[in-house]
Amino acid sequence: MAYTYREHRKKLLKDKAVMEKHEKLLPEYELARSIIEQRIKKKMTQEEVAKKAGMPQSTISRIEGLTLGLPNLSTLKKIANALDAQIVIKLTAKKA
């Protein structure tokens, strides 16, 4: 039986170990997704963002591809400025 992506994801997330790993990586995923969304919204390439931010295109690629981990705040500020975006950082209570 073939599963859709959503069905497969739902099945995987029933596994406690997978769910823990998923939750651990969620901040990186959400950050990368927001950078990609802003870049696309501005109709910019990774190279254009990198040039405007004063960093190599490979850095943008690694951040978007989740192969670099979380970038430091100064890197995020450069990317945000290049995208004419603002950074919003907040802490929220964990779900019980």
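Setting aside neighbours within four places in sequence, T75 is in contact (heavy atoms within 4.5 Å) with M55 and I63. T75 sits in helix α5; helices here are DSSP runs of H or I with at least four residues, numbered from the N terminus.

A word on the model: it is predicted, with local features needing pLDDT of at least 70 and side-chain atom pairs counting only at pLDDT 80 or more, while totals for chains, interfaces and linings use all residues. Residues are numbered from 1 along each chain as its sequence is written, and side-chain values use heavy atoms, with hydrogens and water left out.

Buried means under 20% relative accessible area, with a 1.4 Å probe and protein chains only.

| Residue | Relative accessibility | Class |
|---|---|---|
| T75 | 17% | buried |
| E64 | 10% | buried |

The side chain of E64 joins that of R39 in a polar contact of 2.7 Å (a pair of N or O atoms within 3.5 Å, where one must be able to donate a hydrogen and the other to accept it). Apart from neighbours within four places in sequence, E64 touches A32, I35, I36, R39 and Q46.

Now back to α5 (residues 73-82), whose axis comes within 8 Å of that of α3 (residues 46-53), crossing at roughly 115°. The axes are lines fitted to C-alpha atoms over the stretch in contact, with angles from 0 to 180 degrees between N-to-C directions. V49, K52 and A53 of α3 meet K78, I79 and A82 of α5.

Notes:
Helices (H or I, at least four residues) and strands (E, at least two) are DSSP runs, numbered from the N terminus. Buried means under 20% relative accessible area, exposed over 50%, partly exposed in between (1.4 Å probe, protein chains only).
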